[in-house]
Amino acid sequence: MSSNLIEVKIENNVAWISLNRPEVFNSFNREMALQLQNTLDDCAANSNVRALVITGNGKAFCAGQDLKEVTDPELNPGFRKILEEHYNPIIQKIRTIEKPIIAAVNGVAAGAGANIALACDIVVATEQASFIQAFSKIGLVPDSAGTFFLPRLIGFQKASALMMLGDKVSAPEALTIGMIYKIFPIAIFEDEVKTLAENLAQMPTKAIGLTKRLLNQSMGNNLEQQLKLESDLQIEASSSYDYNEGVTAFVEKRKPEFKGN
């Protein structure tokens, strides 16, 4: 289950998705963007996949848009197509797949690459990784939902400064300001991500998916609407196999064996 620009392997109910253009720091061209969308669709439909990890091959996570594509008259699809057919669908799929998605940031995450990472449910990084809203450096505005997620993660003032100035944020600083969940030394990064992903894959996937839906809706709901949605989705969760298994295991003082439904 792999293509030349996106590599995928499924192990222990985890889909490992690797951006595979290391020679250009995994920057996106049209082909890679469309392949990633197809991969996300496949993972959403595959009941054997209960958690996803997105990472990059080589030294970088993702350097954003491949500028050679937009500066080559024969290749340039135009910014409207790039946004509406490449990045916006990727962000929407990441947020609507009701399975946990980890961004494992193994190096620089710049521009759209940074914002794709920040749209994921959990972001972890190596100590050497960095994040940069690089758009202002070339006269562009942030896209890929950066203006939506970053202010909510770190606050309006800090997000505004980072987007306007284009400052590079080290992984330790990103952790301190609440941009990401955890950082790990590079020597143990893969093992730590594997442990985290496999733990998520053995948890009650339906409940996690409903939690993700609640978080998405909380961005626009008022308190009354959110309380109503919590009630509705709690009722849905309480009718699941995993709820029954979790309660039974608690009473029997054993470890639950969740099936994800």
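Me: Helices (H or I, at least four residues) and strands (E, at least two) are DSSP runs, numbered from the N terminus. With that in hand, where does Met 203 lie?

Reply: Met 203 sits in the loop between helix H8 (189-201) and helix H9 (205-218). The whole protein has 11 helices and 9 strands. A word on the source: this is a predicted model, where local features need pLDDT of at least 70, side-chain atom pairs count only at pLDDT 80 or more, and totals for chains, interfaces and linings use all residues. Residues are numbered from 1 along each chain as its sequence is written, and side-chain values use heavy atoms, with hydrogens and water left out.

Me: What does Met 203 touch?

Reply: Contact means heavy atoms within 4.5 Å. Leaving aside residues up to four places away in sequence, Met 203 touches Arg 50, Ile 208 and Phe 258. As for Phe 184, which is 19 residues apart from Met 203 along the chain, the two C-alpha atoms are separated by 23 Å.

Me: Let's follow Arg 50, then. Why does Arg 50 count as buried?

Reply: Its relative accessibility is 7%, and therefore Arg 50 counts as buried. Arg 50 belongs to the loop between H1 and strand E3 (51-56). Not counting residues up to four places away in sequence, its contacts include Asn 13, Lys 99, Pro 100, Leu 200, Met 203, Phe 258 and Gly 260. Between the C-alpha atoms of Arg 50 and Glu 98, 48 residues apart along the chain, the separation is 9.2 Å.

Me: How do you know whether Thr 39 is buried or exposed?

Reply: The relative accessible area of Thr 39 is 9%, so Thr 39 is buried. Thr 39 has its place in helix H1 (residues 30-45). Beyond residues up to four places away in sequence, Thr 39 touches Ile 6, Val 8 and Ile 17.

Me: What makes a set of residues a nonpolar core?

Reply: A nonpolar core is a set of buried Ala, Val, Leu, Ile, Met, Phe, Trp, Tyr and Cys residues joined through side-chain atoms within 4.5 Å. The largest one here has 50 residues, of which Phe 28, Leu 40, Ile 94, Val 105, Phe 131 and Met 179 touch the most other members. Apart from it lies another core, of 16 residues, including Trp 16, Ile 122, Val 124 and Ala 201. In soluble globular proteins, nonpolar side chains tend to be buried together.

Me: Which residues does Phe 28 touch?

Reply: Among them are Leu 19, Arg 21, Leu 36, Cys 62, Asp 66, Tyr 87, Ile 90 and Ile 116, with residues up to four places away in sequence not counted.

Me: What makes the phi angles of Asn 12 and Phe 25 worth a look?

Reply: Most residues other than glycine have a negative phi. Phi of Asn 12 is near 50°, a positive value, and phi of Phe 25 is near 55°, also positive. Asn 12 is in the loop between strand E1 (6-11) and strand E2 (14-19), while Phe 25 is in the loop between E2 and H1. Their relative accessible areas are 47% for Asn 12 and 44% for Phe 25, so both are partly exposed.

Me: Finally, how do you know that the radius of gyration agrees with a compact globule?

Reply: The radius is taken over C-alpha atoms, and the globule rule is 2.2 Å times the number of residues to the power 0.38. For 261 residues a compact globule would have a value near 18 Å, and the protein has 19 Å, so the two agree. The C-alpha trace spans about 65 × 40 × 35 Å along its principal axes, and 47% of the 261 residues count as buried. Among contacts between residues at least 6 apart in sequence, 66% join residues at least 24 apart.

Conventions:
Buried < 20%, exposed > 50% of the residue type's maximum accessible area, 1.4 Å probe, protein only.
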